[in-house]
Amino acid sequence: MDLEAEAAAYVLEADKAEMLDGGELERQLGPLVDRLLLRRGIASVTGETRGLLLVEFARSLADGMRVRARKAGGDYQPDPKSERFPEWSPPEVKPASATPSVSLRALFKSWWAEAENAGVSVSTKESYETAVGALVAFLGHDDAGKVSPEDVVRFKEHLVSTPNPRTKRPLSASTIKDNYLGGIRRVFGWAVDNRKLSANPAAGITMKVGKKARMRDSWFSKEEIDALLTQASSATRGRKEPLPRFEARRWVPWLCAYTGARVGEMVQLRKQDVRQIEGHWVLAITPEAITVKGNQGREVPIHPHLIEMGFLEFVHAAPDGFLFLWSGTDRAAWRTAKNRMVEVAREVVPDPNIAPNHGWRHTFKTIGIEAGIAERVLDAICGHKPRTVGEQYGGVTVAAKARAMERFPRFGVKDTGRRS
């Protein structure tokens, strides 16, 4: 191409650049502008500002093409228009030391104020609060802005190697992953989303959880069932033992055995939670009492054997309020009752390879399946989530659950009656 043709080509390109508008500006020049911005450390320009930027870029591109056309024709005079562009200087980066101090505990409180309204459970709040408190204690300060990813890794290593004062063993890998690292990552993530912090130091830091070796079946053996229920039915009240504590030892194992419920769901039962629905006596397992996993309440029909044993008479004679809490009516009292039931169960089922109370959930499902009860009905009684989208349609009525409970076999342990 001769110089005259080259100059004409530059003029043509300049005319094309000036004629671009609207979507054509974005389509033809947008990607180029983005690449040039990234070289300067600018992620993006959006909105009305982007439209102005593209127009000015097109004008400057046209001016540049005309300068090249003049040079191709032998005119090397300086371009006066180029002087309108100032020298580039990167934006000032605020030093880390200038970041305002942000209390990690205060961030947690702000997170919970929003999370509570969104229906996050109190048990999740408590586990995350424990994690935040442990991190603050480990670091020796409460400044969220000073927490680095390296600090979080050191915290994880500390949890892995430090025995728990109560159990004398380090926390399990799943507890560290879900409760501790998951908790602080969620709080920091909320702080970033709400412009409290610029980065989440816990992002991407997790814990490898291996598959625990299974040493035995997860349900109780016949001998363990006999031991647990015999212990309950033969319970006698200690001279200074609070009556609700005795009643918990007496009734909670039987209730777990005939409902597949979690022990925490049974120790939180209140007198008003034992009621009739459609002619069937049921236990209303509700988060209104203390808590229910998933925040989903359900009604569980009372097995005929429990009625014959005098459970309804016990409830009718009890004062209003909680049936099995003796140290208060809050979560601390609920936790005390749960822990006591674990201790009682361990007296007759010492095998560490089975959960002393949660084993009733596995046992209930196992016996129910053996009795030919539909798994969907068993899931509804136990409060398990539907496994498929199809199972989310329709529901299991109290009547259907009551019929299943009538089919559920009776435990062959002789009840010796209440002893108070």
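Predicted model: local features only at pLDDT ≥ 70, side-chain atom pairs only at ≥ 80, totals over all residues.
## Helix α4 and its two partners

Helix α4 spans residues 104-117 and packs against helix α7, residues 173-193. The two axes come within 9 Å and cross at roughly 85°. Angles of 65 to 115 degrees count as roughly perpendicular, and α4 and α7 are therefore roughly perpendicular to each other. On the α4 side, the contact is made by Leu104, Leu107, Phe108, Ser110, Trp111 and Glu114. Helix α7 contributes Arg186, Val187, Phe188, Trp190 and Ala191. By class, the residues of this contact between α4 and α7 comprise eight nonpolar, one polar and two charged.

Helix α4 also packs against helix α5, which covers residues 122-139. Here the axes come within 10 Å, and the crossing angle is roughly 170°. Since angles over 145 degrees count as roughly antiparallel, α4 and α5 are described as roughly antiparallel to each other. From α4, the residues involved are Leu104, Arg105, Phe108, Trp111 and Trp112. They meet Val122, Lys125, Tyr128, Glu129, Val132, Gly133, Leu135 and Val136 of α5. The contact of α4 with α5 has nine nonpolar residues, one polar residue and three charged residues.

Some α4 residues take part in both contacts. Leu104, Phe108 and Trp111 are among the α4 residues that touch α7, and Leu104, Phe108 and Trp111 are also among those that meet α5.

## Packing of α9 and α13

Helix α9 (residues 243-257) and helix α13 (residues 331-346) pack at an angle of about 65°, and their axes lie 11 Å apart. The crossing of α9 past α13 is right-handed. In α9, the contact residues are Arg245, Ala248, Arg249, Val252 and Pro253; in α13, they are Arg340, Met341 and Val344. Five of the residues in this contact of α9 with α13 are nonpolar and three are charged, with no polar residue present.

The structure contains one cavity of 30 Å³ or more. The volume of the largest cavity is about 40 Å³. Its lining is formed by Leu228, Gln231, Pro253, Met341, Val344, Ala345, Asn357 and Trp360. Two elements, α8 (222-233) and α13, each give two or more residues to this lining. Helix α13 supplies the largest share, three residues.

The lining of the largest cavity divides into six nonpolar and two polar residues, with no charged residue. Pro253, Met341 and Val344 belong to this lining, and Pro253 of α9 and Met341 and Val344 of α13 also take part in the contact between those helices.

Arg407 lies in helix α16, which spans residues 398-407. Arg407 and Ala371 are separated by 36 residues in sequence, yet their C-alpha atoms are 7.1 Å apart in space. When neighbours within four places in sequence are set aside, Arg407 is in contact with Ala371, Gly372 and Ile373.

Note on methods. Residues numbered from 1 in each chain as written. Heavy atoms only, no water. Axes fitted to C-alpha atoms, helices over the stretch in contact; angles between N-to-C directions. Helix = DSSP H or I, 4+ residues; strand = E, 2+ residues; numbered from the N terminus. Left-handed = near helix turned anticlockwise from the far one by under 90°. Contact = heavy atoms within 4.5 Å. Nonpolar A, V, L, I, M, F, W, Y, C, P; charged D, E, K, R; others polar. 1 Å grid on protein atoms, 1.4 Å probe; cavity = no way out; pocket = protein on both sides within 12 Å on 5 of 7 lines; lining within 4 Å. Points joined across faces, edges and corners; volume = space filled by probe spheres on them. Parallel < 35°, antiparallel > 145°, perpendicular 65-115°, else oblique.
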